[in-house]
Amino acid sequence: MRSDDRAAYHPSMARRAAPARDRADNLGYPAPVERLIAHLSALPGIGRRSAERMAFHLLKGAPEDAERLAASIRDAKAQVGHCATCFNLSESRQCAVCADPRRDRSVVLVVEQPRDLLAIERAGVFRGLYHVLLGRLSPLEGVGPDDLTIAALLSRLGPRPAQPAAGEPADAVREVILGLNPTLEGDGTALYLAERLAPTGVRVTRLARGLPSGGQVEHANLAMLADAIEGRRTME
Ligand SMILES: [Zn+2]
């Protein structure tokens, strides 16, 4: 990398390369290609250079390949939405987890993204329900509580009966497990949620630190997830 940088700064290289680059910048690619590059580079983690490589790859390939990609984007967008209850990805109003009558409806595990839910489901170590926040609080990126599904989580818990003796519905949520990633922002989100959940009277726990600090729920292996759920602790 470093030798490339040096080469790029070599005066003779610069003299040779600059006019060609300027010309390309002035002319630009044909408008449809520029539009494609602009849309691709708007995707997370894709810079201008990667977007250009993708665009050229598509232009070079068979028309059917590009058509299939376009169709899969269109279909996914049209056919998949968020579960009305937990915000997991779903082709119907309720996702497969929420619709499963065998799940324990008294425990709700809160995760950041559908991919975290999927990782825990694959491990097969949790039999309750989920709530997907669709992100985490990030003051630096301007992500506040209203940008997440926190209001929906609170309304899922429902109004608690004033007197426990009056009885709760059989499927009342009794415990919320905070399964956020052990990152600075995940921890901040967990603390915020614990505060918001405290008045509801629901038991609030968080996953044990079986997860490596700074690690991600989606990358944890089966044993780590099982330990994290088994060893969960009450939030202070
Ligand atoms: Zn659901």
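This is a predicted model: local features need pLDDT of at least 70, side-chain atom pairs count only at pLDDT 80 or more; totals for chains, interfaces and linings use all residues.

I then checked its length: α5 covers residues 63-79 and reaches 24 Å from its first C-alpha to its last, close to the 24 Å expected at 1.5 Å a residue.

Next I looked up how α3 (residues 31-41) packs on α4 (residues 48-60), and noted an angle of about 125° with the axes 8 Å apart. The two helices are therefore oblique to each other, and α3 passes α4 in a right-handed crossing. On the α3 side I listed Val-33, Leu-36, Ile-37, Leu-40 and Ser-41, which meet Arg-48, Ala-51, Glu-52, Met-54 and Ala-55 of α4. Sorted by class, this contact has 7 nonpolar, 1 polar and 2 charged residues.

Phe-87 has a phi of about 70° although it is not a glycine, and I located Phe-87 in the loop between β1 (81-82) and β2 (89-90). I counted Phe-87 as buried because it has 23 C-beta neighbours inside 10 Å, where 20 or more are required.

Leu-134 also has a positive phi, near 65°, and lies in the loop between β4 (128-132) and α8 (150-157). Buried or partly exposed, I asked of Leu-134? With 17 C-beta neighbours inside 10 Å, Leu-134 counts as partly exposed.

Methods: Residues are numbered from 1 along each chain as its sequence is written. Axes are lines fitted to C-alpha atoms, for helices over the stretch in contact, and angles run from 0 to 180 degrees between N-to-C directions. Helices (H or I, at least four residues) and strands (E, at least two) are DSSP runs, numbered from the N terminus. Angles under 35 degrees count as roughly parallel, over 145 as roughly antiparallel, 65 to 115 as roughly perpendicular and the rest as oblique. A crossing is left-handed if the near helix is turned anticlockwise from the far one by less than a right angle, and right-handed if clockwise. Two residues are in contact if their C-beta atoms, placed from the backbone, lie within 7 Å. Ala, Val, Leu, Ile, Met, Phe, Trp, Tyr, Cys and Pro count as nonpolar, Asp, Glu, Lys and Arg as charged, and the others, Gly among them, as polar. The expected span of a helix is 1.5 Å times one less than its number of residues. A residue is buried if 20 or more other C-beta atoms lie within 10 Å of its own, exposed if 12 or fewer, and partly exposed in between; C-beta atoms are placed from the backbone.
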